[in-house]
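Trainee: I would like to go through this model and check what each term rests on. Please set the values against the definitions.

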Amino acid sequence: MAGMIEDYAIIGDLQTAALVGRDGSIDWMCVPRFDSPACFAALLGDARHGFWRIAPSNHRPCNHRRYLADSLVLESRWDSVFGSVTVTDFMPPRSGLPHVVRVVEGLKGTVPMRGELRPRFNHGRVRPWTRVADAQVLSVAGPDSVWLTADPRASVQVTEDGTLLEFTVREGERLAFVLSWVPSHEAEPPSFDALDGLTRTLDYWRRWTAKCRYRGPWRDAVVRSLVTVKALIYAPTGGIVAAPTASLPQRVGGRLNWDYRFCWLRDATFALSCLLRSGYWEEAVAWREWLLRAVAGDPADLQSLYGLAGQRRLPGEAPAGWLPGYEGSAPVRFGNAAAGQFPLDVYGAVLDTLHLSLRAGVPVEDHVWGLVRALMGFLQEHWREPDEGRWEARGPRRQFVHSKVMCWVAADRALRIQEITGHPGPVAQWRALRDDIHREVCERGWDAELGAFVQFYGGRVLDASGLLIPAVGFLPADDPRVGGTVAAMGALDHHGFLRRSAAADGDGQDLDGAGVPGPEGAFLACSLWRADALARTGRTAEARAAFEAVLGVRNDVGLLSEVWDPVTGRQLGNTPQAFSHIALVNAALALRDAGAGRFPALSARRSA
């Protein structure tokens, strides 16, 4: 059975990732890409669905683990009456085939060790043929094969279920095990020097983290979040995957189980800001270029999510009935039907990203300006339409306030881009559009009795996305309506954290259309938005407390999932979640700016 979600740490090679539990078991890995079928899927089931464990024979969880320096190299340590041993897990940054490397080192005494490798291809469904081939162990089925190169001092036994490893490690000894994925029609992989690979991998991350420009009281947390975001960037294209996992539940036992192995547009600006302000220009530009390729074409066809290469046509959302789900949370789904929704807010996210990158020195070429005009032409005709909103509601479309605010952002940023570049465009029409949207949102999205902006026109549901109003410049932070909205978010408070909407607290609305009774947990990005908004509105002590509350629920190696359940004290949802970590970095920057009396300049509206 899989461990707690917070028991898992990530290793990765910048094209895919694996999750390693405190028991030394890799229970999730998709190869060769983030969006490929998993060859280890015990995370969503049990041992029958694939894993690779190396640990002391007593099967106890490790006593301690850490990432070596500011890297993605994981070291787990076990101490027992027999002695002490570490297992160092890593995936070298990809230059050819994907490799998972596990180095066992004896620190003290003599420790009996046991390993078990059970690959199950196609998301845990296909049991491969396994045999010894040229001193390696080959497991093959369909298009996939994995080759295990074991240290010759280990006893290797191939069984019907997989491969067993038994060995002892003494003080000063190091044994290495390498698992390589190869297309099944190709020959065995070339030999891989595990210890040299460890040195090169540590050096790669040392050089990468040295670029970080953040200086502040939470540097360790910020750097770990940036390393995690980097781990989730698909290096060949620059796309940022939301999480490396699928169908980890937002509620244990519920049906809110979604596939996050795709790239979402609606948080593009936050991702770009996080990277640029932290010193990662190369990744920021790659993300912008990925976005431009993804949205090229008919502006009416804009999607909220795309594939790693920017592809629009994605696998259909389908249940995986052979997987019981994490702690019985079914159905397990692969693919994501939200790709077919109408994402009105995404138009603002795209134009905001182009504006931010322009301010950072990335020019808006003529063809990019053509995209700006095409997107604005579409919005002029369609901004009054309802959509599924930021939370990708599976129910009827509504006039979501956040979506309208982002339409305003689109018009505002198009005008700002034109002012900077001098490109020709229908400026008067865009100004009129910006004013019309602002006026309507302030009239129909504001509830005077609640003293806050609400989730959708005519409703009385609060939504955490209202906290983004000052961040995007729709209203200045000192506007009373911003202060009222921030204060009203106390209704979403869940033991010091923030739910995404009041609908999660039993007023009868189910945003996900899943009909699951019972409250959901707190969304960590929303809790961090609150810290940001509190900082912007001058409530710095409260902002710091909200931020540090989130820091306090990271796991032992600094990772965050999507949701925190403060009642059970558990992380929930897909993990690690890119946008939780992006929000953490941006909140840390906001607190730093608040302390210095500055915020990124964006003149906000005071009218209406």
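Trainee: What average pLDDT does the protein chain have, and what does the term stand for?

Mentor: The model is predicted, so local features need pLDDT of at least 70 and side-chain atom pairs count only at pLDDT 80 or more, while totals for chains, interfaces and linings use all residues. Residues are numbered from 1 along each chain as its sequence is written, and side-chain values use heavy atoms, with hydrogens and water left out. pLDDT is the predictor's confidence in each residue, from 0 to 100. The protein chain averages 94, and 95% of the residues score at least 70. Over residues 504–517, however, the pLDDT is below 50, and the model has 35 contacts (heavy atoms within 4.5 Å) for this stretch beyond near neighbours in sequence.

Trainee: What makes residues 281–295 a helix, and how does the span of α5 compare with the expected one?

Mentor: Helices are DSSP runs of H or I with at least four residues, strands are runs of E with at least two, and both are numbered from the N terminus. Helix α5 has 15 residues. The expected span is 1.5 Å times one less than the number of residues. For α5 that is 21 Å, and the distance from the first C-alpha to the last is 21 Å, close to the expectation.

Trainee: Which residues of α5 are called buried?

Mentor: Among them are Trp287, Trp290 and Leu291. Buried means under 20% relative accessible area, exposed over 50%, and partly exposed in between (1.4 Å probe, protein chains only).

Trainee: Why are α4 and α6 called roughly parallel?

Mentor: The axes of α4 (residues 268–278) and α6 (residues 344–359) cross at roughly 20° and come within 8 Å. Axes are lines fitted to C-alpha atoms, for helices over the stretch in contact, with angles from 0 to 180 degrees between N-to-C directions. Angles under 35 degrees count as roughly parallel, over 145 as roughly antiparallel, 65 to 115 as roughly perpendicular and the rest as oblique. The two helices are therefore roughly parallel to each other. Their contact includes Leu272 of α4 and Leu356 of α6.

Trainee: How do you know that β11 and β12 pair?

Mentor: Two strands pair if DSSP finds at least two bridges between them. Five bridges join β11 (residues 136–141) to β12, and the strands run antiparallel. Leucine 138 has tryptophan 147 in β12 as its bridge partner.

Trainee: Why are β26 and β28 at the edges of their sheet?

Mentor: The order is β26-β27-β28 in an open sheet of three strands. β26 and β28 each have a single partner strand, so one side of each is left without a neighbour in the sheet.
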